[in-house]
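The following paragraphs lead the reader through one protein structure. Please keep the sequence and the coordinates at hand while reading.

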Amino acid sequence: MAVEHKPTAVVHRGTKGGKTGCGTDTREHSSHWVSTSKSITCGKNGCS
Ligand SMILES: [Zn+2]
């Protein structure tokens, strides 16, 4: 599963409502996050 951070257009590993692979909580500013089937573009530890 992947989740996109709309303001930056970066796609992270994870699901909306949980934490991304790199540790960001998608419940904070939840309107910024959408579930996606795009490939992950975040290069941080845990997502890449
Ligand atoms: Zn990430």
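In which segment does I40 lie? I40 lies in the segment after β3, where strands, like helices, are DSSP runs numbered from the N terminus (a helix is H or I with at least four residues, a strand is E with at least two). The model is predicted, and local features need pLDDT of at least 70, side-chain atom pairs count only at pLDDT 80 or more, and totals for chains, interfaces and linings use all residues. Residues are numbered from 1 along each chain as its sequence is written.

I40 is partly exposed, because 19 other C-beta atoms lie within 10 Å; a residue is buried if 20 or more other C-beta atoms lie within 10 Å of its own, exposed if 12 or fewer, and partly exposed in between, with C-beta atoms placed from the backbone. Not counting residues up to four places away in sequence, I40 touches A2, V11, H12, R13, C47 and S48, where a contact requires that the two C-beta atoms, placed from the backbone, lie within 7 Å. Between I40 and K6 there are 13 Å from C-alpha to C-alpha, and these two residues are 34 apart in sequence.

The overall architecture can now be set out. The protein contains three strands and zero helices, and from the N terminus on its elements run β-β-β. Its C-alpha trace spans about 25 × 20 × 15 Å along the principal axes. Of the 48 residues in the protein, 25% are buried. Among contacts between residues at least 6 apart in sequence, 46% join residues at least 24 apart.

How are the strands arranged in the sheet? The sheet is open, with the order β2-β1-β3 and antiparallel pairing; two strands count as paired if DSSP finds at least two bridges between them. Strands β2 (10–13) and β3 (33–36) stand at the edges with a single partner strand each, so one side of each has no neighbour in the sheet. From one strand to the next, the twist averages 35°, with axes taken as lines fitted to C-alpha atoms (for helices over the stretch in contact) and angles running from 0 to 180 degrees between N-to-C directions. In general, the strands of a sheet pair through backbone hydrogen bonds, either parallel or antiparallel.

The two pairings can be followed residue by residue. On one side, β1 and β2 are antiparallel over four bridges: H5 has V10 as its bridge partner in β2, and E4 has V11. On the other, four bridges join β1 (residues 2–5) to β3, again in the antiparallel sense. Here E4 stands opposite V34, and V3 stands opposite S35. The C-alpha atoms of S35 and V3 are separated by 4.4 Å, although the two residues are 32 apart along the chain. S35, located in strand β3, is partly exposed because 13 other C-beta atoms lie within 10 Å. Apart from residues up to four places away in sequence, S35 touches V3, T15 and K16.

Most residues other than glycine have a negative phi, and most peptide bonds are trans. A9, which is not a glycine, has a positive phi of about 60°. This residue is found in the loop between β1 and β2, two strands that form a hairpin with four residues between them. A9 counts as exposed because it has 9 C-beta neighbours inside 10 Å. H29 likewise is a residue other than glycine with a positive phi, near 55°. H29 lies in the loop between β2 and β3. With 12 C-beta neighbours inside 10 Å, H29 therefore counts as exposed.

Which residues make up the largest nonpolar core? The six residues are A2, V3, V11, W33, C42 and C47; a nonpolar core is a set of buried Ala, Val, Leu, Ile, Met, Phe, Trp, Tyr and Cys residues joined through C-beta atoms within 7 Å. One of these core residues, A2, touches V11, H12, R13, T36, S37, K38 and I40, not counting residues up to four places away in sequence.
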